[in-house]
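Here are some friendly notes to read alongside the model. Each point takes up one topic, beginning with the open spaces and ending with a single side chain.

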Amino acid sequence: MFTPRIFPQRLAHQQHALPDTFSLMVWNIHKENLHPQFLDRFEILIQEYPCDFLLFQEVKFPKKIASVLDSFSYAMASNIETFQHLYGVLTATKIAFTTISSHLTHRREVGLITYKSMLITHHELPDGQALNIVNIHGINFVSLKGFIKELEKIKAVLHSCSGPIIVAGDFNNWTKKRIMALETFQHALGLEKADVQEPHHVKQIFAKPLDHIFYRDLQLLKAKAIDTKKISDHNPIYATFSVISSKPES
């Protein structure tokens with residue numbers, strides 16, 4: 001395993017605009033996305049829960065064969081590269097990307113000698129604002145100080161972003177002090193946390209949920225954790241948002 005040099009992208013929907021109401025699915029898929037069982041369940045899942053955005057963590061991406069997401073546009077922030085595969089976070093959509101930026105953590109995880117990654121993408125809203133989507137897999141197996149430092153890095157990037165924001169993924173906030181650090185991060189950016197229906201389906205360690213959706217300047221219509229019968233060690237969270245227009249009423 002070594003530091004990635006490849007960050008795959010496929011931009012096939014650059015003429016497609018984002019609707020006023022949109023849905024997304026956030027899911028740590030535990031490198032299961034190439035398995036037939038996962039693919040079969042995933043096809044059923046997105047028919048029942050149509051998605052404008054898929055925010056995956058722990059994607060296993062083949063370097064020499066077609067991706068399983070070829071009906072989508074996508075961008076990936078890799079954190080591991082091997083001779084045959086890339087691993088990391090991936091955002092897939094059938095909406096145009098305006099900008100794409102990938103980021104690795106400053107530190108490597110102790111014992112694994114690997115980074116974690118974050119992907120920030122921008123998508124134009126109907127009123128001309130930019131929707132900022134942050135797909136994150138939080139760093140694990142480092143000190144609290146290291147965890148906080150990575151949140152500060154994200155905060156510094158997002159402070160320069162105007163318009164609505166969604167920050168979502170697996171945050172690895174499995175201690176009380178990490179939860180407090182994440183709450184400080186949330187409040188500093190003026191983010192709200194999605195109240196998830198069926199929260200018992202969200203992956204937990206020490207009774208602490210790891211997967212979250214934070215948002216700003218959007219109306220959350222619903223958010224629900226979906227039981228996928230152990231296809232991954234995490235379950236997806238499905239959320240629907242409505243755009244709050246910045247244009248004054250006439």
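1. The largest pocket is lined by 23 residues, and Lys31, Glu58, Glu109, Lys116 and His137 are the ones nearest its centre. Its volume is about 350 Å³. On a 1 Å grid over the protein atoms alone, a pocket is an open set of points with protein on both sides within 12 Å along at least five of seven lines, and a lining residue has an atom within 4 Å of a point. Grid points are joined across faces, edges and corners, and a volume is the space filled by probe spheres set on the points.

2. Please keep in mind that this is a predicted model: local features need pLDDT of at least 70, side-chain atom pairs count only at pLDDT 80 or more, and totals for chains, interfaces and linings use all residues. Residues are numbered from 1 along each chain as its sequence is written, and side-chain values use heavy atoms, with hydrogens and water left out.

3. What kinds of residues make up the lining of the largest pocket? There are seven nonpolar, nine polar and seven charged residues. Here Ala, Val, Leu, Ile, Met, Phe, Trp, Tyr, Cys and Pro count as nonpolar, Asp, Glu, Lys and Arg as charged, and the others, Gly among them, as polar. β4 (73-81) and β5 (85-93) each supply at least two residues of this lining. Strands (E, at least two residues) and helices (H or I, at least four) are DSSP runs, numbered from the N terminus.

4. The structure also holds two cavities of 30 Å³ or more; a cavity is a set of grid points where a 1.4 Å probe fits but cannot get out. The largest cavity has a volume of about 150 Å³. Of its 16 lining residues, Thr105, Ile136, Gly138, Glu150 and Ile154 are closest to the centre. The largest share of the lining, five residues, comes from α2. By class, the cavity lining has eight nonpolar, five polar and three charged residues.

5. Now for the sheets. An open sheet of seven strands runs in the order β1-β4-β5-β3-β2-β15-β14, with mixed pairing. β1 and β14 (218-225) stand at the edges with a single partner strand each, so one side of each has no neighbour in the sheet. Two strands pair if DSSP finds at least two bridges between them. β3 (residues 53-62) and β5 are antiparallel over eight bridges, and leucine 54 stands opposite alanine 92 in β5.

6. An open sheet of six strands has the order β6-β7-β8-β9-β13-β10, again with mixed pairing. Its edge strands, β6 and β10 (192-193), each pair on one side only. β8 and β9 run parallel, joined by six bridges, and valine 134 has valine 167 in β9 as its bridge partner. In β9 (residues 165-170), six of six residues are buried, meaning under 20% relative accessible area, while exposed means over 50% and partly exposed lies in between (1.4 Å probe, protein chains only).

7. Where does glutamine 14 lie? Glutamine 14 is in the loop between β1 (9-10) and β2 (21-28), and is partly exposed, with a relative accessible area of 33%. Beyond its neighbours within four places in sequence, glutamine 14 is in contact (heavy atoms within 4.5 Å) with Ala96 and Phe97. A polar atom of the glutamine 14 side chain lies 2.8 Å from the backbone oxygen of phenylalanine 97.

Conventions: Polar contact = N/O pair within 3.5 Å; in protein donor to acceptor, adjacent residues only side chain to side chain.
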